[in-house]
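Welcome, and please keep your viewer at hand. We will go from one selection to the next and look at what is there.

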Amino acid sequence: MDALTNTLGFLTEFPIWTIVVGFIIVATGFAFTGAPLWLWAITGFATLWGLNAPIWLMATYVVLCLIFNIKPIRRALVTNGVMKLLDALNFLPTISETERTAIEAGTTWVDAELFSGKPDLKRLNGENYPELTEKEQAFLDGPVEELCGMVSDWDVFVRKGFTDETWEFMRKHKFFGLIIPEKYGGLEFSASAHSAIITKLASRCGPLATTVMVPNSLGPAELLMHYGTDEQKDHYLPRLATGEEMPCFGLTEPTAGSDAGSMTAEGEVFKGEDGELYIRLNFTKRYITLAAISTVIGLAFKLNDPDNLLGKEEHLGITCALIPSDTEGIKLGRRHDPLGVPFYNCPIDGKDAVISIDQIIGGSEQAGKGWRMLMESLGVGRGISLPAQSVSGAKVASRALGAYTAIRRQFGINIGKFEGIEEPMARIGGFTYLMEAGRRYTCGGLDSGVKPAVVTAIAKYNFTELGRQIINDAMDIQGGAGISRGPRNIFAHSYIATPIAITVEGANILTRSLMIFGQGAIRCHPYAYDEIDALTRKDLKAFDDVFWKHIGHVGRNKARALLMTLTRGAIASSPVSGPAAKYYRKLTWASSSFAFMADIALGSYGGRLKIKEKISGRFADILSWMYLITATLRRFEAEGRPKEDEVFLEWSMEYGFAKIQEAFDGIYKEIKVPGLSWLFRGPIALWSRMNRIGSKPSDYLGHKVAQAMQERGTVRDRLTDGIYLPEDTDEPLGRYEYALNALKEAEPVYKKIRVATKKKELPKTQPRFVIDKALEKGIISEEEAKIIRKAEDARVDVVQVDEFTLEEYQNQTPAPPKMEGTPEPSEITK
């Protein structure tokens, strides 16, 4: 007892500043490591004891510790009051039934790790990064390659559709049954294979990819596989796999676009004269892909049962059913014209169309459960189809422009050497590398069985937005060649079609401002959804448990964010060594700051955060770029850290962290924190700008990316792997490849001419004009003259654009290979 008494006031021997500093260090350390509440209590008591605090203060402290550490007492004295206050203030966001279904659909994945503030980097770096099976690769190298060879993008646009031969080929090789199980006659391919197939098809023809991807995405097959009855599966799936049945799915309406839950399509249950149950449908749908040529329609509608014939309730909710297209009362046969892109996109109307109750997907037991079906199916398909199309466009741009900028000459040099060209080239190359990483990483997760709705929304939004930037850059680089439509043009149709990808499967404005963070803040946050759920159910015990864990979570992330920013992430561990290690540490820094600020936003805005879409959008940007950075790091490690890919890794990382910094700057400037807004807009924002987590890639780094894209070899091949590369030099991409190879073969000859020009043995002009003189003077041999003529002919051929007679233009038919009076390229070189 004396020994204990002797320790009383032991801290009073130290200067007050050391006590304060020590307390801050210990408290920060406890918060950083997430120390339990009882350890905080003991440490606090020891501090009071050491400071020789008065008995009343220590007694008060002990009472408070008991209140907060003994759960029944805490619930009664503290949590109950907090719960009532939050309820009275409507502080936490209310969640409608449709919102709840959307949030609960699918699962969380690595998005929850990034949201936590303390991501398990070892897990992130160890996620599935699958290769295709032999069967999948054989299909890609066989039927997919062959189908690409059968189709010309220009002909499809002129014809406004495919030939009968193309349709028959797709049916024969089960292109509409990629995801259908083998036991039903389908191919049962993985998400990775599905994505790779769409990527290659899109590199050849956008409408071709769209036609294949829609039946394999949100459509009857996807819904039947997961929810259909055995009878429905046995009947429809084999027919869908072979294309005997052509499906479409009716969801969007004139007054229900992004807000699909507000649909007005209705079905009413009634009993027929035969005693069986039927549904009478009335609806107006639009923007329905493949509808005009469909044989079976998947339809979403609100089901009512006024006579309670199903024994459930009158208003059952959104329901999905299968309807033969020739059902009486269904009106088809019309088309929309989406920017002139020739894929079937159509309205559907139904007037008193009658179907059996058994045509509900999953039978009558699934009546009213259609919204969950749709959310889960969209959550998967959103991560495959449009991201694959966007990656395809990125790879084609990288491949084509890498060649074009090395071929095209202005002011006596290749345009790829101009810094003004290098800047957009670097964006295209860097985006291509990280987008392919994101595609592979996302599909790896889907193949592992997860259904991460937030991640697939991130993929859809960011890939299509990056694709928009890429196609704009491509058009800028090609100039006149880019805007002249015809069989030679690679980019015009992609440029025209870009707004379609931005709009469909959840418009990008909605996806960024509401889905990624709006739903992610509830779905991915460790505690937010459980708090809202407990508050809604008035469950005091559940709320108490999760609320105080949330408070601890905020304290932990506050300490982590502070220490990470002070050390620039140096104290974080990395699961790898080498070039990627420093970026993993930065990722931890970004995650901790993001998680802390997300809780600040939740605490500041409460239920109003749902409508603060500008702030929400900036948080979405941070979460998006953390995910893309994670995927890119995983790619680099999974592919064995290729030395030649380091430049693409570095560019992607610097760009990604710069976008994160940009979003944080916007948050600090605009966030409204009661009583503390000045702190975030002033000191914190200033510190963030001085201690930036990232800045845009340097000009030199961009130069290295742009030059790597123009060099033949494994780097360029790996960057653009998976697209269709025609060997025919009458094809635009084939023409580019041929010219690039010819120019590289002729490089030693060009060098001889340059040397001779410097010595003033040859006039200073374009090489093609001095070939004969160089040959005459013995500077080059006859064989070398043939090589350089071939290269110059190829160069001239590449820069030609299509031209039409007035009659051809009016009929929109391709121009003949050579217009009368136009000299051959070989004549120009002479």
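The charged end of which residue sits over the ring of Phe657? Select Lys586: its charged end is 5.4 Å from the ring centre. A charge counts as over a ring if NZ of Lys or CZ of Arg is within 6 Å of the ring centre and within 35 degrees of the ring normal.

A word on the model: it is predicted, local features need pLDDT of at least 70, side-chain atom pairs count only at pLDDT 80 or more, and totals for chains, interfaces and linings use all residues. Residues are numbered from 1 along each chain as its sequence is written, and side-chain values use heavy atoms, leaving out hydrogens and water.

Stay with Phe657, which is buried at 1% relative accessible area (buried is under 20%, exposed over 50%, partly exposed in between, with a 1.4 Å probe and protein chains only). Tyr583 and Phe657 form a stacked one, with 6.5 Å between centres and 20 degrees between planes. Tyr583 belongs to helix H25 (residues 581-605) and Phe657 to helix H27 (residues 646-670), so the pair ties together parts 74 residues apart in sequence. Helices are DSSP runs of H or I, at least four residues, numbered from the N terminus.

Next, select Phe68, Phe543, Phe547 and Trp548, a cluster linked by ring pairs.

Finally, go to Arg280, whose charged end sits over the ring of Phe270, 4.2 Å from the centre.

Definitions and conventions
Phe/Tyr/Trp six-rings, centres within 6.5 Å; stacked < 30°, edge-to-face > 60°. Helix = DSSP H or I, 4+ residues; strand = E, 2+ residues; numbered from the N terminus.
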